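User: Please take a close look at one helix and its surroundings, and explain the terms as you go.

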Amino acid sequence: MKTFPIGGIHPSDNKEWSKDKSIECIDLPNEVMIPMIQHIGAPATPVVQKGDKVLTGQLVGQAGGFVSANIHSPISGTVTSIDSYPNGQGQRLTMVVIKREGDEWVESIDRSTELKRECSLTPAEIIAKIKDAGVVGLGGAQFPTHVKLSIPDGQKAEMLIVNGVECEPYLTSDYRNMMERAEMMLTGIEILMRAIGVERALIGVENNKPDAIAHLNEVIARDAYRGIEVVPLKMRYPQGGEKQLIAALTGRQVAPPPALPISEGVVVSNASTAIAVYEAVQKNKPLIERVVTITGKSLGSTHNFMTRFGTSLDYLLSFSGGLPEGDVKVLNGGPMMGRAIVDTSAPIIKGCSGITILSGAEAARGKESACIKCAKCVSVCPMGLEPYLLSRLAKLQKWDVAEEHNTIDCIECGCCSYTCPSNLPLLDYIRIGKQTVMANIRSRAIANKK
Amino acid sequence: MNTLVLTVLTLSVLGILLAVILYFVAQKFHVEEDPRIDDVEKMLPGANCGGCGFAGCRAMADALVTRENIASLFCPVAGGQTMKNIAGFLGKTAPEKEPMVATIRCGGTCQKRPKVNHYDGAMNCAVVNSFYVGESACAYGCIGYGDCVSACKFGALSLNTETGLVEVNPDKCTACGACVKACPKGLIELRKKWPKNRAVYVACRSKNRGAVVMKACKAGCIGCGKCAKVCAFDAITIDNNLAYIDSEKCKLCRKCVNECPTGAIHLENMDPLPKEPKVVATPKSEVAK
């Protein structure tokens, strides 16, 4: 069975807590807060004003550039405020607050549930529709999908890779989508293939989800989806990393930044994103909701909710009996790459595939001691870097040396911190180094242009 | 015995030979350098802190000797007197600069700015700042893991574990500016140093609206503007819900300190003005007559 060539770890996947909970639709929240930045790139500009009536699916934030995404109202109601509010990390962002009145949708959206498979649009039309709908990568990185599909001149895509790996422990939203909405996903994949002009698509799924693999294969055979192949992968974290997945499925190595997967003839998209693409192109439905896993061993109950964006975390947690007593760690995402949330009144955004609740004891880091030079971090790094060195260089602020040691290649998967027997916060420091080096490279590029 | 003599002889001959070669090489590649650079370097403090903007004291000495106009060069560690001595030695006009001191503009102690979450990652302010706003609800306040303390080469900064804030020892501070660069929240400012380390400054950097500040911290500036109204020297400006006292214009009159409703304006090494100003009493007694 295939997997990526170097590094990686095997954390317990903990998916059993929520994997059998089917996708639930919940009562709409009475109020949503929509941040104007839910994507990589320039923030969107609000196009509504306080007091405006909006419909579900109406544009509220216009993309602020090519690398940016539109933002639509997830509910219908009245805009009560446009101001800065704290996000999950306490950082204040511009948000549009909408109070709900009923659930009226924009007329052009097709709300029927039947599958619409035929698509005769040209690639440019498909990309335009995806752009209008504000679709971004739902795996977590929130990269605008239309940018990814706009292939630069002189390069050609050979195949589409669909990321159904979901290697992050606990999370099951992609899994539930594959189990319950496979037809929509596969149609979305067909549309994506059409948009980039390829005949072949590989769906990578880890072998801890055998029923998803079987179900997808069954639907592909039954409904004759041509050129789409499901490839089972040997379970290993971080298989869902873009470069790791490409290496696992095709054996190709993407060069270090600024090279993109397209330089190897590959475009990678998340499995849930394919559903968003299907809805955007075939149903004219903008990206206003997604499946969010609410999970954790200490929670009253676990769920996979179909959640409108802007819904507060508190509202979702109320269905699980609220936060457990005592110290807890609330994560936007899973335990490996998720970001800790300090304010549970914060809204759910496009990149949030799940909320993981860890008890204080589960989340506690071990006591730090000195590096014993065991090189475990080096052997688990999927990018072939030397984490102990990069961490030390960042601590000493030797940014130029860190750059020579390719610190910007780091994908922040956290394998090094996970495996360190001395409990060193390796990734914490590497991220600082990576951010500083990237800022240095950018300012150098600007200086060179002048 | 023979071996011993042979060894000593060989090494001596080798030593003399190499010395001769070195002598001629030194003659050939001799670099003419102003001997005053060495003298000036000796007069500088030798901390190599980079506070002057040069890589170290040697580079600074070189610039002082070679440049015509040294008005823009100043060693904050040595201070005005040493700079005057150096300028006198070189026959140039000394740069004039008032002494400065690093000031930490956050008054959010553990009591006034309660912690709302617990952080257990790397104990480093820059790391905390890259993750989220910090353990308190204030996005602008001191994180308290001491990046500035480790950046200070003069031991002028220390972390007070009771308040959770960093404190400056003005007598040790040389205003080199290393801490200013180290603070990810931009809390530290170099301000004019008054005699006896007196100081008046706004100990807050929060640009949030008053209501938001009050929720997060009881010692924050709410941008009410009362201080700016009483200031007779136009030293106080309000920008983005935040008061700022210009240390060049401030005359330490202390009127603003009594006006501040949250106590965000800090007064150091001075007694505050009496709460009820005496001047008010005089007209009242006149009315009574």
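Analyst: A residue is called buried if 20 or more other C-beta atoms lie within 10 Å of its own, exposed if 12 or fewer do, and partly exposed in between, with the C-beta atoms placed from the backbone. Helices (H or I, at least four residues) and strands (E, at least two) are DSSP runs numbered from the N terminus. This is a predicted model, in which local features need pLDDT of at least 70 and side-chain atom pairs count only at pLDDT 80 or more, while totals for chains, interfaces and linings use all residues. Residues are numbered from 1 along each chain as its sequence is written, and chains are lettered from A and ligands numbered from 1 in the order in which they are written.

In helix α1 of chain A, which spans residues 123-132, the buried residues are Ile126(A), Ile127(A), Lys129(A), Ile130(A) and Lys131(A). These buried residues of α1(A) pack against α2 (145-149), α4 (182-196) and α7 (271-282) of chain A, where contact requires C-beta atoms, placed from the backbone, to lie within 7 Å. Just after α1(A), Gly134(A) adopts a positive phi of about 70°.

Between the chains, the contact takes 15 residues from chain A and 14 residues from chain B.

How values were computed. Two residues are in contact if their C-beta atoms, placed from the backbone, lie within 7 Å.
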